Amino acid sequence: MNPKLRLGIIGIGMVGGPLARYFVKVRKYRRGDDLFLYDTASEKGYTDDPNKADVVFICVPSPRGLNGAVDLTAVESAFGLLVPPKTVVIKSTVPPGTTESFQARYPRHTVLFNPEFLTEAHAWEETLHPDRQLVGVAGESKDRALLVASLLPPAPLVAPSERLTLTA
């Protein structure tokens, strides 16, 4: 049996909050033991060191500006917190090419993309029962993508392993 991977979540909001809750309630992870939560809003109380994790989910805001461009400042800041090597899973909404761009800039990490399909009103239910679960890869990261997919809630639509090349 493989040892339980240590997980980190950066950004404990609409996406990261339900994801953390899933790992605690369903997968039986324990904060500070094998789950590390971090948010820049200190009043939330999530100040764990994400570098204690093997796999880190980045769930930070990526708002669109008036010109339609996505602001990746928070994603960039999250990467800046991490000491490689890590498997880094971007769950923030990002434009196509972002996974490859971050993989090129941070080659000692394995960078994956796991889009969220949540509505704010039903985020917990949709986290537990997603209608699809996709993990996009950059380069030759299929094995890590399959590992990350195995950690997430199962869905009726899962990208088959030979098609795990969807990237953002």
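**Legends to close-up views of a predicted model**

In the protein chain of this predicted model, residues 24 or more positions apart account for 64% of the contacts with a separation of 6 or more.

**Figure 1. Overall fold of the protein chain.** The protein chain contains five helices and eight strands. Read from the N terminus, these elements follow the order β-α-β-β-α-β-α-β-α-β-β-α-β. The radius of gyration of the protein chain is 15 Å, which agrees with the value near 15 Å that a compact globule of 168 residues would have. Along the principal axes, the C-alpha atoms occupy a box of roughly 40 × 40 × 35 Å. Of the 168 residues, 46% are buried.

Figure 2. The accessible surface amounts to about 8800 Å². Carbon and sulfur atoms contribute 55% of this surface.

Figure 3. Helix α1 comprises residues 16-25. Its buried residues are Gly 16, Pro 18, Leu 19, Ala 20, Tyr 22 and Phe 23. The cover over these buried residues includes the strands β1 (7-10), β2 (35-38) and β3 (55-58). Helices α4 (123-128) and α5 (142-151) are also among the elements that cover them.

Figure 4. Lys 28 is located in the loop between α1 and β2. Lys 28 has a relative accessible area of 56% and therefore counts as exposed, the cut-off for this class being over 50%. The phi angle of Lys 28 is near 65°, a positive value in a residue other than glycine. Most residues other than glycine have a negative phi.

**Figure 5. The cis peptide bond between Pro 84 and Pro 85.** The peptide bond from Pro 84 to Pro 85 is cis, and its omega is near 5°. Pro 85 belongs to the loop between α2 and β4. Most peptide bonds are trans.

**Figure 6. The buried side of helix α3.** In helix α3 (residues 98-105), the buried residues are Thr 98, Thr 99, Phe 102 and Gln 103. These residues cover an arc of only 130° around the axis, so they lie on the same side of α3. Elements covering the buried residues of α3 include the helix α2 (73-81) and the strands β4 (87-90), β5 (110-113) and β7 (136-137).

**Figure 7. Ala 104, an exposed residue of helix α3.** Ala 104 is part of helix α3. Whereas Phe 102 and Gln 103 of this helix are buried, Ala 104 is exposed, because its relative accessible area is 60% and the class begins over 50%. The C-alpha atoms of Ala 104 and Gly 139 are separated by 9.8 Å. Along the chain, these two residues are 35 residues apart.

**Figure 8. The buried face of helix α5.** The buried residues of α5 are Ala 145, Val 148 and Leu 151. Seen down the helix axis, they fall within an arc of 115°, and they therefore line one face of α5. Helix α1 is among the elements that cover these residues. The cover also includes the strands β1, β3, β4, β5 and β7. In turn, α5 is one of the elements that cover the buried residues of α1.

Notes
Residues numbered from 1 in each chain as written. Predicted model: local features only at pLDDT ≥ 70, side-chain atom pairs only at ≥ 80, totals over all residues. Heavy atoms only, no water. Helix = DSSP H or I, 4+ residues; strand = E, 2+ residues; numbered from the N terminus. Rg over C-alpha atoms; globule rule 2.2 N^0.38 Å. Buried < 20%, exposed > 50% of the residue type's maximum accessible area, 1.4 Å probe, protein only. Contact = heavy atoms within 4.5 Å. Areas by Shrake-Rupley, 256 points an atom, 1.4 Å probe, with all protein chains shown as cover. Arc of directions from axis to C-beta.
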